[in-house]
Amino acid sequence: MTTPHIRTIAAEWDWEAALPPAPAVRAGDTIYLSGQIALGHDGSLVGVNDLAAQARQCFANIRSILARDGATMQDVVKMTTYFACPLTDEVTTEYWQVRQEVFGTHRPASTGVSVSALIYPEVMLEIEAIAVLAPARHA
């Protein structure tokens, strides 16, 4: 059954197209992104053992997926970050610094969760996001 107000945002990278979940789904004016790990456009893991590099790549992937449907990081209203590494003060500080670089003064609602593992052993975090676009204006 096709629902006109719900549609999949198409994959752009080969590795993304090969995965079962959609990169994102748009329902009305809301975009729900699948969790993003630090895979570069070529499908290789970016930043092995480097939380800041992995976080930057996760956010770059989120930014890219949002742009496919005309959204920006400023449209993000909610994030959940799953950490598969010990949450030391250093890790927390690194993550918040990268997040500040990405969002500036924009402050999406957020949750951080510590998990025992993610899809690959070298993946230190996964970030999922929800964005809301301004309603389309009709003439």
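This is a predicted model: local features need pLDDT of at least 70, side-chain atom pairs count only at pLDDT 80 or more; totals for chains, interfaces and linings use all residues.
Residues are numbered from 1 along each chain as its sequence is written, and side-chain values use heavy atoms, without hydrogens and water. Local features need pLDDT of at least 70 and side-chain atom pairs count only at pLDDT 80 or more, whereas totals for chains, interfaces and linings use all residues.

The protein has 3 helices and 6 strands. Helices (H or I, at least four residues) and strands (E, at least two) are DSSP runs, numbered from the N terminus. Their order from the N terminus is β-α-β-β-α-β-α-β-β.

The C-alpha trace spans about 50 × 35 × 25 Å along its principal axes. Of the 139 residues, 37% are buried, that is, under 20% relative accessible area with a 1.4 Å probe, protein chains only.

The largest nonpolar core has 30 residues. Such a core is a set of buried Ala, Val, Leu, Ile, Met, Phe, Trp, Tyr and Cys residues joined through side-chain atoms within 4.5 Å. Ile-31, Phe-59, Leu-66, Tyr-95 and Leu-125 have the most contacts inside this core. Strand 3 (30-33), helix 2 (51-67), strand 4 (76-83), helix 3 (89-103) and strand 6 (125-132) each supply at least two of its residues. Helix 2 gives the most, with 8 residues. Leaving aside residues up to four places away in sequence, Leu-66 touches Ile-31, Leu-33, Ala-71, Thr-72, Met-73, Val-76 and Ala-131. A second, separate core has 6 residues, including Trp-13, Trp-15, Ile-37 and Leu-118.

Notes
Buried means under 20% relative accessible area, exposed over 50%, partly exposed in between (1.4 Å probe, protein chains only). Contact means heavy atoms within 4.5 Å.
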